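I opened the model to look up its ring pairs and one of its pockets. My entries follow.

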Amino acid sequence: MTDVSIIIVNYNTLKMTSECIDSVIEKTGGISYEIILVDNASSDGSKDFFSNDCRVKYIYNDENLGFGRANNKGLEIAQGRNVLFLNSDTLLKNNAIKILSDYLDNNEKVGACGGNLYNREGQPEFSFGRYFPSLYEELNFISNGKLDRLRFGENINFNHTTKPLEVAFVSGADLMVKKVVLNVTGWFDKKFFLYYEDTELCFRINKRKFKLVSVPDAQIAHFWGETTGHLNEKNFCRTEQSRRIFYQLSYSRFYSSIVEVIRSVHLYRKLLSPFPDTRKRWKRRKEMLNKINTGGNEE
């Protein structure tokens with residue numbers, strides 16, 4: 001059996017995806033692996049390029065299925081004992097895939113893990129979450145992050161220690177999961193298009209009593225926002241829709257309603273900001289939320 005199936009989703013990022021694959025081949029040793037590239041109907045020449053690339057098993061989708069559903073296509077043919085969901089906007093900094101795979105193999109109760117992510121300048125990037133989206137998260141937002149700093153210090157979403165750290169969820173940019181765990185929990189939920197699908201999968205892994213761990217020795221550069229854009233209005237709308245899907249799937253309607261009330265308090269605090277630019281930005285976001293609430297779509 002292959003040690004690791006590496007699944008990469010490509011959408012109009014030919015150069016970046018090719019460089020990601022180069023880094024996998026350059027940095028990975030001591031294990032067997034396969035690279036499965038799932039293309040979400042790219043129109044930038046990716047199909048011609050990667051369909052002739054002997055380094056990968058290439059799957060072309062006739063439409064953009066989004067992140068989770070595209071990864072599920074890769075899972076259909078994955079032969080690995082462990083599966084790494086690797087973003088196309090990443091570059092391995094060391095033999096991260098072997099480090100993560102070895103950690104899963106040597107820790108029976110761990111279902112999934114991920115490494116430390118770094119931005120283009122080599123600074124810490126969001127790598128994991130210490131808790132799932134919840135009422136606590138909304139209260140932390142209202143406190144401007146003070147609750148997090150009191151509980152977790154500097155290790156809120158990046159592992160500054162030298163030891164593995166148990167977390168709630170791992171970023172989908174470098175999420176490695178045991179195949180046997182995926183067979184128990186199921187794959188990515190098809191209701192998501194983009195955002196929160198990795199968090200929801202980790203939620204199910206956690207519910208099955210498997211641990212999720214940050215392994216700091218595994219180091220990966222993640223150029224977040226270069227494939228989807230940063231949190232512009234379109235992505236804010238997508239994020240909000242996916243957040244609500246997460247709550248519908250994970251919590252009761254009563255609990256979700258309480259969270260929405262607290263979230264509204266946070267929104268109106270922003271609308272009362274003394275800074276005109278801040279008020280304008282959050283007013284626009286309120287309009288988008290209202291449109292979502294009435295069944296509209298900003299896309």
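I began with the aromatic rings: ring pairs link Phe126, Phe132, Phe169, Tyr196, Phe203, Phe246, Tyr247, Tyr251 and Tyr255 into a cluster. Rings of Phe, Tyr and Trp (its six-membered ring) pair if their centres lie within 6.5 Å; planes under 30 degrees apart count as stacked, over 60 as edge-to-face and the rest as tilted.

This is a predicted model, in which local features need pLDDT of at least 70 and side-chain atom pairs pLDDT 80 or more, while totals for chains, interfaces and linings use all residues. Residues are numbered from 1 along each chain as its sequence is written, and side-chain values use heavy atoms, without hydrogens and water.

I searched the whole structure and found 18 aromatic pairs. Phe246 and Tyr247 form an edge-to-face pair, because their ring centres are 5.9 Å apart and their planes at 90°. The pair of Tyr247 and Tyr251 is tilted, with centres 5.3 Å apart and planes at 40°.

I then checked burial (buried is under 20% relative accessible area, exposed over 50%, partly exposed in between; 1.4 Å probe, protein chains only). Phe246 is buried at 0%, and Tyr247 is buried at 3%.

Next I looked up the second largest pocket. Arg244, Tyr247, Gln248, Tyr251, Arg253, Ser256, Ser257 and Glu260 line this pocket. A pocket is an open set of points on a 1 Å grid over the protein atoms alone, where a 1.4 Å probe fits, with protein on both sides within 12 Å along at least five of seven lines; lining residues have an atom within 4 Å of a point.
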